[in-house]
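Take your time, and look up each residue as it is named.

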Amino acid sequence: MEDEQAMQQVRDGEIGKLELLFDRHHRALYHYFLHLTGNRAASEDLVQEVFFRILKYRQTYRTETSFRAWMFRIGRNAYVDQAGRQRSEAALLESTPEMDAPGSAPDRQMENQEETALLRRALAELPSEKREVIVMSRFLDLRYEEIASILKCEVGTVKVRVYRALRELGDLFFALRGERTPG
């Protein structure tokens, strides 16, 4: 069953179908929030808040809209609401997929760990709107069309934002390595 069909059934009163959508998408939402907040408990709470809002606002779902984009828009709104209440900047990421290749030499593994730590620091230093588009496009593998729907902007705008965010991330990363200064 497609997500859009399941959500349409939820909208029409078959609340049990929400479990199917939760099973399919809670991990992606959790990782989205974890990359934005750096806090596991807050990320779990936000996932629960998103599915509560999906249930609460189910009548606003339109079948011509991608469920995934609609869900992440709700997630983004929940994150913004929470951030507004807490007025705290996102913390350093707790976990990032390791860059080590199996069987790498110990010195290469150490270098990869150092680069991963620098990348985490650089990502944490980005302004939240730039960090968000990188998380959506690179960590969650959302298509630019989905990101545009979530952010309520044009696809071309998303492409520019991702390009600029990646460029700034690279500048920060290399500055932290001492190879060049950002700017």
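## Surface and overall make-up

The accessible surface of the protein comes to about 10,300 Å², and carbon and sulfur atoms hold 48% of that surface. Accessible areas here come from the Shrake-Rupley method with a 1.4 Å probe, and for residues only the protein chains shown count as cover. Of the 183 residues in the protein, 40% are buried. Buried means under 20% relative accessible area, exposed means over 50%, and partly exposed lies in between (1.4 Å probe, protein chains only).

A word on where the values come from: this is a predicted model, in which local features need pLDDT of at least 70, side-chain atom pairs count only at pLDDT 80 or more, and totals for chains, interfaces and linings use all residues. Residues are numbered from 1 along each chain as its sequence is written, and side-chain values use heavy atoms, with hydrogens and water left out.

## The fold at a glance

Helices (H or I, at least four residues) and strands (E, at least two) are DSSP runs, numbered from the N terminus.

How much of the contact in the protein, counted at a separation of 6 or more, comes from residues 24 or more positions apart? Such residues account for 62% of those contacts. Contact means heavy atoms within 4.5 Å.

## Helix 1 meets helix 2

Helix 1 covers residues 3–11 and helix 2 covers residues 17–37. Their axes come within 8 Å and cross at roughly 145°. Axes are lines fitted to C-alpha atoms, for helices over the stretch in contact, and angles run from 0 to 180 degrees between N-to-C directions. The crossing of helix 1 past helix 2 is left-handed, a term used if the near helix is turned anticlockwise from the far one by less than a right angle (right-handed if clockwise). On the helix 1 side, the contact is made by Asp3, Ala6, Met7, Gln9 and Val10; helix 2 brings Lys17, Leu18, Leu20, Leu21, Arg24 and His25. By class, this contact has 6 nonpolar, 2 polar and 3 charged residues. Ala, Val, Leu, Ile, Met, Phe, Trp, Tyr, Cys and Pro count as nonpolar, Asp, Glu, Lys and Arg as charged, and the others, Gly among them, as polar.

The buried residues of helix 1 are Asp3, Ala6, Met7, Gln9, Val10 and Arg11. Just after helix 1 comes Gly13, with a positive phi of about 110°. Further along, Leu34 sits in helix 2 and is buried, at 2% relative accessibility. Leu34 and Glu44 are 10 residues apart in sequence, and their C-alpha atoms are 8.6 Å apart in space.

## Aromatic pairs

A pair of aromatic rings is described by the distance of the centres and the angle of the planes. How many aromatic pairs does the structure hold? There are 7. Rings of Phe, Tyr and Trp (its six-membered ring) pair if their centres lie within 6.5 Å; planes under 30 degrees apart count as stacked, over 60 as edge-to-face and the rest as tilted.

Phe22 and Phe51 form an edge-to-face pair, because their ring centres are 5.0 Å apart and their planes stand at 70°. This pair links distant parts of the chain, with Phe22 in helix 2 and Phe51 in helix 3 (residues 40–56), 29 residues apart. Phe22 is partly exposed at 24% relative accessibility, whereas Phe51 is buried at 7%. Phe173 and Phe174 are also edge-to-face, with centres 5.3 Å apart and planes at 75°. Here Phe173 is buried at 12% and Phe174 is partly exposed at 27%. Finally, ring pairs link Tyr32, Phe33 and Phe72 into a cluster.

Most residues other than glycine have a negative phi. Asp141, in the loop between helix 6 (128–139) and helix 7, has a positive phi near 55°. Asp141 is exposed, at 55% relative accessibility.

Helix 7 itself has the buried residues Glu146, Ile147, Ala148, Ile150 and Leu151. Lys152 is not a glycine, yet has a positive phi of about 55°. With a relative accessible area of 67%, Lys152 is exposed. The C-alpha atoms of Lys152 and Arg73 are separated by 8.7 Å, while the two residues are 79 apart along the chain.
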